[in-house]
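Visitor: I would like to learn how to read a few features of a structure. Please give the general idea, then the case at hand.

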Amino acid sequence: MTQKVLVLYAHPSQHRSEANQPLYEAASQMPHVTVVDLYAEYPTFNINIDREQQRLMSHDVIIFQFPLYWYSTPAILKEWQDLVLEYNFAYGSRGGALKNKVFFCAITAGGKAEAYRAEGFNHFKIREILYPLEQMASLTGMRYVAPFALFGARTAKEEGRVQHHTQQWTALLQALIEERFDVAKANEVGKIAPFLEELITEPAS
Amino acid sequence: MTGIFLQAFIYLVAAVVAVPIAKKLGLGSVLGYLIAGVIIGPITGLVGEETTTIQHFAEFGVVMMLFLVGLELEPKTLWSMRHRLIGLGGLQVSLTIAAVMAIALYLQQEWTIALSIALILALSSTAIVLQTLNEKGLNRTDGGKSAFSVLLFQDIAVIPMLAFIPLLALPELIEKAQSAVATAAEHHDELSLVTGLHGWAYGVVIICSIAAVVIAGHYLSRPLFRFVASSGLREIFTATALMLVIGIAALMSLVGLSPALGTFLAGVVLANSEFRHELESNIDPFKGLLLGLFFITVGAGIDFSILSNQLTIVLALTFGIIVLKAVVLFVLAIVFRIQGSDRWLFALSLAQAGEFGFVLLSFSVQHHVLPPDLAQTLSLVVALSMFLTPGLFILFDKIILPRYEKSSNDRKADQIDEQGTVIIVGIGRFGQIVNRLLVSNEIKTVVLDHQADQVDIVRQFGGKAFFGDATRPELLHTAGIADAEAIVIAMDNPEASVEVVHYVKQSYPKVKVIARAFDRGHSYRLRQAGADFIESETYHSSLEVGGHAMKAIGLHPFYVEQQKATYRRVEEMKSDKLYQAWQSDATEARYDNNYRKLFKRLEERMAEEMTVDRNDKHSRSERGWTPPPKGYTDSLAE
């Protein structure tokens, strides 16, 4: 059965974007993928809670796509969490609307991959930095997948890495749609981009 | 009198029938006019000899066209074109002259005849080329701009050619002519200020008259137009515009310069004027009709008896000249690095001979440079090559362009679309803020207002605005509505603004219409007319003021902000419902009971939404910030 994918895209400065925008555009071309540009839809942060909850319920895979800002999401995604993930919707005695959906973050980070470890200047691994979101998934009963990250994003364009990353991204989305992605295994790694070949099974032709 | 009516009727019928059909078949309007001319002229013989006289009159369309072209070209743009103008234009003219002359000499012509033939055939048709480029939207392409530079150079080159041709007079032709002095005398009774002047005096007169056009255009036109505009009489403005163009044309003819060049210059001088769009929209219909008439006369002037007698030679000469000119142009396009499809556009568009060719032909016959029978053949060649030009454009459209489009599609992804313009109608206090926001974001705007004083105020502060009445479709057209991205309607007259919304949405459905509403009723009418976005002029500021009042009595700013958001949300829903009620109500009693009842009910709903939180339910704006119930963590720890 095809899975429906929801990409919640939060980028407050899209005219400067070099890495996220190609990912966003590639995803919006794909069938079975709904891409929501949160800053475009709610430029004044007046998030329509009902509409957003409806969207969550009608998709199987939820992705937050954003550039990492101060080791967290851009403000609108936090606002979105605060407003949309209500008690008795996402959690609580009558909650559970998100149960068993797949959740992960597709992020771009300015620092190089080496910076995100105990010895590096960011001191924490990228997965550790995103623990609040992992716990959000846990509390709402979603199946968490390690982040899909592009490091050194400020120079990715000049170094010609964006195209490869975009190809990986669409392959990942396609695998999720066709349920060819090993979600359980993807929860055991620190980040998924280096392991995509092992995590995606080839389509049975 | 009856004769004139009949003739005018024949011309009009031919145009009305032929042009729309040609346009529908994708042949373009120029070919339509030409075919209409052939039908009423040589085929059915409805019109005859008078076509030549009419042609002289219709050539005035070319003069008007160059005035309009000048209006589109600011002096700065013209200056930046100078390399192309002189380099590309100069080389085109001189290389073509050399090539044609060489061939004519090879065909055993006298060198004087060969040279004058070369001069005549080197020119291209400004009328056909510019009209077609505009119609097909090719005038902004690199090929189109280069073609325009060459045409402009040719128009300038005509002047020295006219001076030079009499020097080529053949002695034996003069002898023959002396027996027919009477006919020759006819041609010398034209009014002129410069006959009999010395060379240096002539130069002074020319410089003075050009200076007069530039200085008067710059300093006198504005007060004159302001004076006329303040009278509010539209037809007088039209008369003023015509007076200007005709006056300059007359002055230029008097001193022996090309009228087209003079009006072009005047156009460039006025390109920065706030009256530019109004002038364009006034002159444009005249230009269109006269040019159409001109094309018809070209078609009607083709003499089928000569054509059938010398069919092979005329056809061979026509194709020969087209190929030769196209080759010269193509080589120049390569040298001047014109790329891709533009190179073909440039080469094909200018490959014909032009209307100035007719002028030079009759001039050379008058001055005994060319024998009349040769001139007749050549005039057929010129007409035929003009006739074939639309075909070359079709060739470009259908065969050459698709090939280049395919290859350029592959790299489309990294191209950033050029930003479109926004037209702002009404530059009062409201429109000014809109304009300042857009301009400070480097968005191109075209500002129109029907009050000359208002336009003046904006201009005094360094803004760019144009005088004109936006309820006239022609004005919106010349302001560029066809290519605009959006139009902001902020005019004072509520009726007129509904009218403009209606017109724009009907004729240019792609243009986004943003309208300012005065009150609820006005906003419904704007919505009905099809406006995409409607903002009430007082709504947002009133809401802000209400917010300040709430804060002043001690409510928390963020709470106030949320209540304002609720107000906006309910109001939006409310106005949707009210609009539907308004629409379904009988047209004569818009505010009948039904509507009023609904309005009251919705007002109550607003109060409800605002107070739900106080009644211990959660209002929607509060919803997301509501903490979970006390003790909820017990159930989470599984």
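Guide: Axes are lines fitted to C-alpha atoms, and angles run from 0 to 180 degrees between N-to-C directions. Two packed helices are described by the angle between their axes and the distance between the axes. Note that this is a predicted model.

Visitor: At what angle do helix α3 and helix α4 of chain B pack, and how far apart are their axes?

Guide: The angle between α3 (residues 51-58) and α4 (residues 60-72) of chain B is about 15°, and the axes are 5 Å apart. Angles under 35 degrees count as roughly parallel, so α3(B) and α4(B) are roughly parallel to each other.

Visitor: Which residues meet there?

Guide: From α3(B) come His56(B), Phe57(B) and Ala58(B); they meet Phe60(B), Gly61(B) and Val62(B) of α4(B). Sorted by class, this contact has four nonpolar residues, two polar ones and no charged ones.

Visitor: Now the sheet. What is the strand order in chain B?

Guide: The order is β3-β2-β1-β4-β5-β6 in an open sheet of six strands, with parallel pairing. At the edges are β3 (466-467) and β6 (533-536) of chain B, each pairing on one side only. Within the sheet, β1 (residues 422-425) and β4 (residues 486-489) of chain B pair in the parallel sense over four bridges. Val422(B) has Ala486(B) in β4(B) as its bridge partner.

Visitor: Which strands does helix α25 of chain B lie across?

Guide: Helix α25 (residues 520-529) lies across β5 (512-517) and β6 of chain B, and runs at about 165° to β5(B).

Terms used
Residues are numbered from 1 along each chain as its sequence is written. Chains are lettered from A and ligands numbered from 1 in the order in which they are written. This is a predicted model: local features need pLDDT of at least 70, side-chain atom pairs count only at pLDDT 80 or more; totals for chains, interfaces and linings use all residues. Side-chain values use heavy atoms; hydrogens and water are left out. Helices (H or I, at least four residues) and strands (E, at least two) are DSSP runs, numbered from the N terminus. Angles under 35 degrees count as roughly parallel, over 145 as roughly antiparallel, 65 to 115 as roughly perpendicular and the rest as oblique. Contact means heavy atoms within 4.5 Å. Ala, Val, Leu, Ile, Met, Phe, Trp, Tyr, Cys and Pro count as nonpolar, Asp, Glu, Lys and Arg as charged, and the others, Gly among them, as polar. Two strands pair if DSSP finds at least two bridges between them.
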